[in-house]
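Here is a brief report on one protein chain.

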Amino acid sequence: MKRLIFATNNKHKLGEVRAALKGRVEVVSLAEAGLAGEIPETADTLDGNALQKAEWVSARLPQAAGGPYDGVFADDTGLEVEALGGAPGVYSARYAGEHCSFDDNIDKLLRALDGIDNRRACFRTVICLLMNHQADGPLYFEGRVDGQILRERHSNGEGFGYDPVFMPDRFAVSFAEMPLEVKNKISHRGLAVKKLAEYL
Ligand code: IMP
């Protein structure tokens with residue numbers, strides 16, 4: 001079985017991705033690989049950030065043939081709102097400023113869309129895979145879910161981030177009102193991980 005490092009410090013994502021790749025890939029966390037620290041994400045595209053994170057990890061690992069890992073992958077996600085020209089996009093995590101909370105971001109988003117009827121938006125995730133012995137360079141897998149931004153929060157306490165104000169198409173509830181298994185099946189990250197799993 002292949003052993004790949006997932007370049008994230010987010011335990012929630014690690015569990016989600018491990019479940020999706022079970023039986024195909026052994027997913028190693030950064031901690032298990034002995035890597036600590038804040039991974040930089042300073043690019044201005046999702047692809048660029050995913051690549052930057054994967055390369056940051058890759059540069060810190062033994063890459064020799066027969067090394068303990070077959071490769072590294074990383075993901076980056078953004079919420080793209082049509083009426084805001086695609087914002088917050090790659091800046092979704094710090095839309096309301098450095099070290100802001102999920103609630104600060106949602107408040108800023110709802111203010112920005114105040115009085116605007118076009119609520120169309122999508123979540124997009126890009127996964128970048130760097131295999132140790134891959135001549136073609138990095139591979140990218142993208143997942144996207146379309147929907148709309150609600151006018152106020154709707155939540156059962158599920159999910160995180162912008163989930164309370166995002167309602168995916170063909171559903172009458174927000175991401176934060178769905179059981180996690182349902183969200184994971186249809187979500188941007190779920191779809192991107194599915195493509196990665198099919199490739200591997
Ligand atoms: P990341 O690249 O996965 O860390 O995502 C960047 C930001 O996008 C997060 O800080 C969240 O604000 C938002 N985000 C990512 N995935 C989701 C999701 O599944 N639901 C809601 N917000 C998300």
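From the N terminus on, the elements run β-α-β-α-β-β-α-β-β-β-α-α. That makes five helices and seven strands. The model is predicted. Its radius of gyration is 17 Å, close to the 16 Å that the globule rule gives for 200 residues, so the protein is as compact as a globular protein of that length. The C-alpha trace spans about 60 × 30 × 30 Å along its principal axes.

Of the 200 residues, 44% count as buried. Among contacts with a separation of 6 or more, 58% come from residues 24 or more positions apart.

Now the charges. The protein carries 24 positive and 29 negative side chains, with the centres of the two sets 3 Å apart. It holds 15 salt bridges. Three of them are listed here, including two made by R153.

| Pair | N to O distance |
|---|---|
| R18 and E32 | 2.9 Å |
| R153 and D103 | 3.0 Å |
| R153 and D107 | 2.9 Å |

R18 sits in helix α1, and E32 in the loop between β2 and α2, 14 residues apart. R18 is partly exposed at 31% relative accessible area, while E32 is exposed at 51%.

R153 lies in the loop between β6 and β7 and D103 in helix α3, so their bridge ties together parts that are 50 residues apart in sequence. D107 is also in helix α3, so its pairing with R153 ties together parts that are 46 residues apart. R153 is partly exposed, at 35%. D103 is partly exposed at 45%, and D107 is partly exposed at 31%. Elsewhere, salt bridges that share partners join E41, K53 and D76 into one network.

Technical notes. Residues numbered from 1 in each chain as written. Predicted model: local features only at pLDDT ≥ 70, side-chain atom pairs only at ≥ 80, totals over all residues. Heavy atoms only, no water. Helix = DSSP H or I, 4+ residues; strand = E, 2+ residues; numbered from the N terminus. Rg over C-alpha atoms; globule rule 2.2 N^0.38 Å. Buried < 20%, exposed > 50% of the residue type's maximum accessible area, 1.4 Å probe, protein only. Contact = heavy atoms within 4.5 Å. Lys, Arg positive; Asp, Glu negative; His and termini not counted. Charge placed at Lys NZ, Arg CZ, Asp CG, Glu CD. Salt bridge = Lys/Arg side-chain N within 4 Å of Asp/Glu carboxyl O.
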